[in-house]
Amino acid sequence: MNTWLITGAAGFIGGHFTHLLARTLPGARVIALDCLNYAGDLVHIQPLIDAGRIVFIRGDISDRPLVDSVLRQHAVDLIINFAAQTHVDRSIDAGVPFIHSNMLGTQVLLDAARQRSVERFVQVSTDEVYGSLPLDQPQARFTESSPLAPNSPYSASKAGADFLVRAASITHGLPVMIARPSNNFGPYQYPEKLIPYFVMRLMQGQRVPLYGDGLNVRDWLHVQDNCRALLMIAQHGQIGETYNIGADNQITNRQITQVILDEMHRSWDESVELVADRPGHDRRYAIDSSKLRQTLGWQPQHDFDTALRQTIRWYRANQSWCQNTQSQGG
Ligand SMILES: NC(=O)c1ccc[n+]([C@@H]2O[C@H](COP(=O)([O-])OP(=O)(O)OC[C@H]3O[C@@H](n4cnc5c(N)ncnc54)[C@H](O)[C@@H]3O)[C@@H](O)[C@H]2O)c1
């Protein structure tokens with residue numbers, strides 16, 4: 001497994017994964033494929049491109065002739081598919097781009113991988129495919145055998161992709177694995193997602209909009225812990241298996257907003273505006289990652305509170321990145 005194709009490498013998690021791969025496996029050839037949609041930004045991986053450490057190709061994963069030529073020309077052994085439309089609110093406004101990238105794009109990659117006899121195919125899915133847990137059952141967690149019950153067009157398109165990956169495995173024997181991480185946080189996340197968005201608005205003297213009662217629970221995972229898990233799965237995971245990735249950091253949106261306000265020395269009353277809830281808003285996510293921990297020995301390395309505060313400080317110190325990214329994006 002010497003040549004890796006990373007799709008969505010110009011995005012938040014794909015960018016961190018590309019750096020980890022380049023650092024951890026210096027002998028690996030790394031091909032990065034990304035269409036550079038509004039969330040794609042080369043700033044994070046540009047040093048690797050400039051150093052000749054990775055090859056960057058701008059293109060859409062749903063473009064079969066392009067994907068065929070990339071796999072053939074670079075003799076790709078392993079594909080890890082990060083490329084996706086990822087923002088739930090955008091999927092509520094318009095679902096078709098989500099079907100295009102997340103389902104059609106995944107199917108094209110699967111077909112091309114089968115034709116080229118790729119050795120491993122890792123699909124980066126999400127805990128959101130499991131739907132929502134109730135607040136009054138605090139012990140409940142999603143396991144890999146929980147039923148898929150997606151509630152947003154985004155999560156439905158990701159669940160659809162998971163079924164396509166499963167079908168490619170069962171029907172065609174394609175060597176696939178599925179990873180389902182929880183909510184990621186860390187530097188270089190497009191500033192439409194909660195942490196960078198709230199920091200940016202506060203820096204600009206604006207209020208932050210908090211959905212509904214703010215009691216929705218998310219299970220947070222540092223992006224570098226996620227990427228280490230994904231690398232372990234890609235290298236040592238069992239073909240045909242699905243792995244949840246989560247660090248057991250479940251807090252409400254109210255609590256995370258309070259940490260951001262504390263870090264930025266702002267008061268709740270002056271800075272928070274409760275807005276109408278997101279339609280279909282999942283109440284609680286909580287992910288059981290014991291399979292990954294027990295079979296591959298993964299452990300998160302980041303302390304949540306420390307890493308969260310460091311992340312907030314990173315966005316404060318990198319406002320120009322946020323503004324440039326947002327002005328180039330949609
Ligand atoms: N961010 C999270 O909290 C989180 C949690 C769980 C799972 N995931 C999954 O991880 C993956 C990466 O998420 P992210 O947060 O880095 O997303 P992101 O939106 O920051 O990046 C996605 C990247 O994919 C590219 N892309 C989109 N459609 C494409 C297409 N058709 N062809 C080629 N490139 C395309 C974009 O240009 C962008 O660079 C996604 O599959 C997402 O569903 C994300």
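User: In this predicted model, which tyrosine has a side-chain N or O atom 2.6 Å from an oxygen atom of the ligand?

Analyst: The side chain concerned has an N or O atom 2.6 Å from an oxygen atom of the ligand, and the residue is tyrosine 154. The protein covers 97% of the 830 Å² of accessible area that the ligand has on its own.

User: How many residues lie around the ligand, and which come nearest?

Analyst: By class, the shell holds 13 nonpolar, 13 polar and 3 charged residues. Helices α1 (12-24) and α6 (153-172) and strand β7 (183-185) each supply at least two residues of this shell. The shell has 29 residues, and those that come nearest are Ile13, Asp34, Thr86, Tyr154 and Lys158.

User: How many disulfides does the structure hold?

Analyst: A disulfide requires two cysteine sulfur atoms within 2.5 Å. For cysteine 35, the nearest cysteine sulfur is that of cysteine 227, 19 Å away, so cysteine 35 is in no disulfide. Cysteine 322 is likewise in no disulfide, with the sulfur of cysteine 227 as its nearest at 19 Å. The number of disulfides in the structure is 0.

User: Is cysteine 322 buried or exposed?

Analyst: A residue counts as buried under 20% relative accessible area. Cysteine 35, at 32% relative accessibility, counts as partly exposed. Cysteine 322 has a relative accessible area of 0%, and therefore it is buried.

User: Which residue of β5 is the bridge partner of isoleucine 80?

Analyst: Strand β4 (residues 78-81) runs parallel to strand β1 (residues 3-7), to which 4 bridges join it. In that pairing, isoleucine 6 has isoleucine 80 as its bridge partner. Another 4 bridges join β4 to strand β5 (residues 120-124), again in parallel. There, the bridge partner of isoleucine 80 is valine 122.

User: Which residues of strand β4 point the other way from Leu78 and Ile80?

Analyst: Leu78 and Ile80 point one way from strand β4, and the remaining two residues named point the other way. Both pairs are buried. The residues opposite Leu78 and Ile80 are Ile79 and Asn81.

User: Which backbone nitrogen lies 3.0 Å from a polar side-chain atom of histidine 222?

Analyst: Histidine 222 is found in strand β9 (residues 217-222). Its relative accessible area is 7%, so histidine 222 is buried. A polar atom of its side chain lies 3.0 Å from the backbone nitrogen of glutamine 224.

User: Which glycine just after α7 takes a positive phi?

Analyst: Helix α7 (residues 194-203) has buried residues including Ile195, Phe198 and Leu202. Just after this helix, a positive phi of about 75° is taken by glycine 205.

User: What distance separates the C-alpha atoms of serine 289 and phenylalanine 142?

Analyst: Serine 289 lies in the loop between β12 (272-275) and α11 (290-296). With a relative accessible area of 4%, serine 289 is buried. Serine 289 and phenylalanine 142 are 147 residues apart along the chain, and their C-alpha atoms are separated by 8.7 Å.

Conventions
Residues numbered from 1 in each chain as written. Predicted model: local features only at pLDDT ≥ 70, side-chain atom pairs only at ≥ 80, totals over all residues. Heavy atoms only, no water. Buried < 20%, exposed > 50% of the residue type's maximum accessible area, 1.4 Å probe, protein only. Near = heavy atom within 4 Å. Polar contact = N/O pair within 3.5 Å; in protein donor to acceptor, adjacent residues only side chain to side chain. Areas by Shrake-Rupley, 256 points an atom, 1.4 Å probe, with all protein chains shown as cover. Nonpolar A, V, L, I, M, F, W, Y, C, P; charged D, E, K, R; others polar. Pairing = 2+ DSSP bridges.
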